[in-house]
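Biologist: Could you pick one part of this model and take me through it closely? I'd like to hear how that part sits among its surroundings.

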Amino acid sequence: MRAGRSRVMAGNTVRKIAPFIETDIFAAESWLSDMAAKGLFFKEGAFWWKLIFEKGEPAKRKYRLVPAGFVEISMISEEEKEIYSSAGWHYAGVFQQCGSRVFYTDDVNAEEIYTDSDGLDFFYKKQRIKVLQPAIVAAVLLGAWVYGYTGTDMSLMPGSFAAGMICLLAAGLLLAAYAVLSAANVVSLRKKLRSGQIKHDVGYGWRLIIGRTVVITLILTMIFKWLAPVIEGIILAWQ
């Protein structure tokens, strides 16, 4: 057994698809706590959409996600861990989908990680930056689609090109929707910061559905893009 995880049985793991978009960290925190109540304890989420849990006895555990940069996210030092640990929070791993480090506590009275204005401002700025990333990529993809669609005679192009254009459009629209949802989350966070009331335990039913839809659609889009030339080759071989 590991220190800080006395109720968790090592080596007994479960894998799940990360069900939330990047800026929806409060929903992710609530979901992780609910998973712990079912006996699934967060272990790692360093790979984009894949989360790993360890099975154990159900427990009441609080999780907090701390936003971090792409490089620094997995470079936490032992000194940083000790600082969090002294406040009752233990490092659990990386939640790559939400661009955050994960900390947990079994102490219901533990002080929140962010309690002062400087910490909350840092938290907000990290989340605000994440809105720009999908927005920029969506603009590039949709721009490429418009350029390809208007500047190409589709009737002269092979099927793989048409499939690629469909994937390009789907990915662009999906990322545009992703950016809008991210912006809504950041605006909501800003309002909470101004009011001085941060509620970590939130309902996430519809957020979970949207997040899973986004992630699964992106996965299927990439798979379709990779398989399109193969499928076209098979069709041509049978003709």
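Modeller: Helices here are DSSP runs of H or I with at least four residues, strands are runs of E with at least two, and both are numbered from the N terminus. Keep in mind that this is a predicted model: local features need pLDDT of at least 70, side-chain atom pairs count only at pLDDT 80 or more, and totals for chains, interfaces and linings use all residues. Numbering starts from 1 along each chain as its sequence is written, and side-chain values use heavy atoms, with hydrogens and water left out.

Let's look at helix α1, residues 25-37. Its end C-alpha atoms are 18 Å apart, in agreement with the 18 Å that 13 residues should span at 1.5 Å a residue (the expected span is 1.5 Å times one less than the number of residues). After α1 comes G39, with a positive phi near 90°.

Eleven of the 13 residues of α1 are buried, so the helix is largely enclosed by the rest of the structure (buried is under 20% relative accessible area, exposed over 50%, partly exposed in between, with a 1.4 Å probe and protein chains only). Among them are I25, F26, W31 and M35. S33, also in α1, is buried at 15% relative accessible area. Beyond neighbours within four places in sequence, S33 is in contact with R61, K62 and Y63 (heavy atoms within 4.5 Å).

Now the largest nonpolar core, where W31, L32, F42 and F95 touch the most other members out of 32 residues (such a core is a set of buried Ala, Val, Leu, Ile, Met, Phe, Trp, Tyr and Cys residues joined through side-chain atoms within 4.5 Å). α1 gives the most to this core, eight residues.
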